[in-house]
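Let's take a walk through a protein together, one contact at a time. Keep the picture beside you as you read.

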Amino acid sequence: MGFELDYMARALDLAQHALAWCSPNPAVGAVLVQDGKVVGEGHTQPPGQAHAEVMALRAAGEAARGASLYVTLEPCSHYGRTPPCVDAIIAAGVVEVHTAMQDPSVWVNGAGIGALEAAGIRVIVGEQDEVARRLNEAYFKWVDTHLPFVSLKYAMTVDGKIATQTGSSFWITGPEARLSVAELRSQVDTIMVGIGTILADDPQLTARPEEFGLAMGRPVHQPIRVVLDSTLRLPVTARVVSGGLPGRTLVFTTDRASTPRFAELEAQGVEVQVVGQLDGRVNVREVLRVLGERQVISVVVECGGELAASLLRANAVDKLLAYIAPKIAGGATAPSPVGGNGVLQMVDALELRDPLWVPLGRDVLLTAYVDNEHARLDDSSATTIGTEAAAGVRP
């Protein structure tokens, strides 16, 4: 049992390397084992290229015959951009497949397991299934709803401040937490901010783990930078526009936007898209729908308190990532992570589920999920986003 868990743990580690690179496909890792020895391994490549199982089979060659395969998600059995993985597994002579979980997507959903068993291959399902499920939680939401998985991320002091009363926010957390953020950015499709954050902090919104002395040892995926800007106030001098940064910038605005600014931003390579509005502000639900149609499956939002409150009111947040530093900023007017009107009674406070606390140097990361069926912060409009009064996002 211990060896089996080690092999699946290795497969899960490999799958981490595929996050975002393979989007909108699931991130999968695979390990082939022959006589207690790893003979091949791999992870999902970018869309249109080989899946994890095929990469492992190629690495193993003839050693795959008679081997056991450990894979983090049920092998596909359909023709998409690539042929079915089950066909390659059967042809290679693999005799046993351990899969962490069944793929719930409508085009697989047990068909891959069925095809392997029909070919006489023993299939074992369920090793580290919860870890595998969380690894691809964005993919599972997208295939079910056609909407991206949204994580709200912020850093705050232990007294709940994302900046001082003057707006100073560099640095709330230490290098370990900031490295965690850099790695997080490299594993998602999109980083989203409001225009208030751009105007206050002028962030880069890129993945830069090398700044903290820890190279990933592989190319770093850069997320799409998304800015919500209802009147197109984004300066052409902002670093997300003129900073020569890797990746690209996409701005969502409304028909209230300045027409001359369109040309200025597009001349700098920024894509500007007009979406619907409500009360003169960008409609977040339409933004998420457009991103889903573009096959964006994961979004991390780094923002001030008003945008965070708007997202939560819109039931648009799936997961919370709170980096908490052992510092006290104080100040009655210093901004907090979530603004809005809030609830009147503590019994009505939004309860997060499955909290996980992870130490990061002197700081701690709280990861938890939002129960959108019961989420309710106040009685304000639930679908408007456009401006934010406070920032606190570190570039």
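This is a predicted model. Let's begin with Glu264, which has a relative accessible area of 40% and is therefore partly exposed. Its partner is Arg261: the two side chains meet in a salt bridge, with N and O 3.1 Å apart. Arg261 is also partly exposed, because its relative accessibility is 22% and buried would mean under 20%. Both residues sit in helix 10 (residues 259-267), three residues apart, which is about one turn of the helix.

Why can such pairs form? Side chains of opposite charge can pair when their charged atoms come close. In this model the count comes to 16 salt bridges.

Now look at Glu302, which forms a salt bridge with Lys153, the closest N and O atoms being 3.5 Å apart. This pair links distant parts of the chain, since Lys153 lies in strand 6 (residues 149-157) and Glu302 in strand 13 (residues 298-302), 149 residues apart. Glu302 also forms a salt bridge with Arg185, where the closest N and O atoms are 2.7 Å apart. Arg185 belongs to helix 7 (residues 175-186), 117 residues away from Glu302. Are these residues buried or exposed? Lys153 and Glu302 are both buried, and Arg185 counts as buried because its relative accessibility is 3%.

Finally, find helix 2 (residues 52-60) and helix 3 (residues 85-92), which pack at an angle of about 25° with their axes 9 Å apart. The two helices are therefore roughly parallel to each other. Their contact involves Glu53, Val54 and Leu57 of helix 2, and Cys85, Ala88, Ile89 and Ala92 of helix 3. By class, that makes six nonpolar residues, no polar ones and one charged residue.

Definitions and conventions. Residues are numbered from 1 along each chain as its sequence is written. This is a predicted model: local features need pLDDT of at least 70, side-chain atom pairs count only at pLDDT 80 or more; totals for chains, interfaces and linings use all residues. Side-chain values use heavy atoms; hydrogens and water are left out. Axes are lines fitted to C-alpha atoms, for helices over the stretch in contact, and angles run from 0 to 180 degrees between N-to-C directions. Helices (H or I, at least four residues) and strands (E, at least two) are DSSP runs, numbered from the N terminus. Angles under 35 degrees count as roughly parallel, over 145 as roughly antiparallel, 65 to 115 as roughly perpendicular and the rest as oblique. Contact means heavy atoms within 4.5 Å. Ala, Val, Leu, Ile, Met, Phe, Trp, Tyr, Cys and Pro count as nonpolar, Asp, Glu, Lys and Arg as charged, and the others, Gly among them, as polar. A salt bridge is a side-chain nitrogen of Lys or Arg within 4 Å of a carboxyl oxygen of Asp or Glu. Buried means under 20% relative accessible area, exposed over 50%, partly exposed in between (1.4 Å probe, protein chains only).
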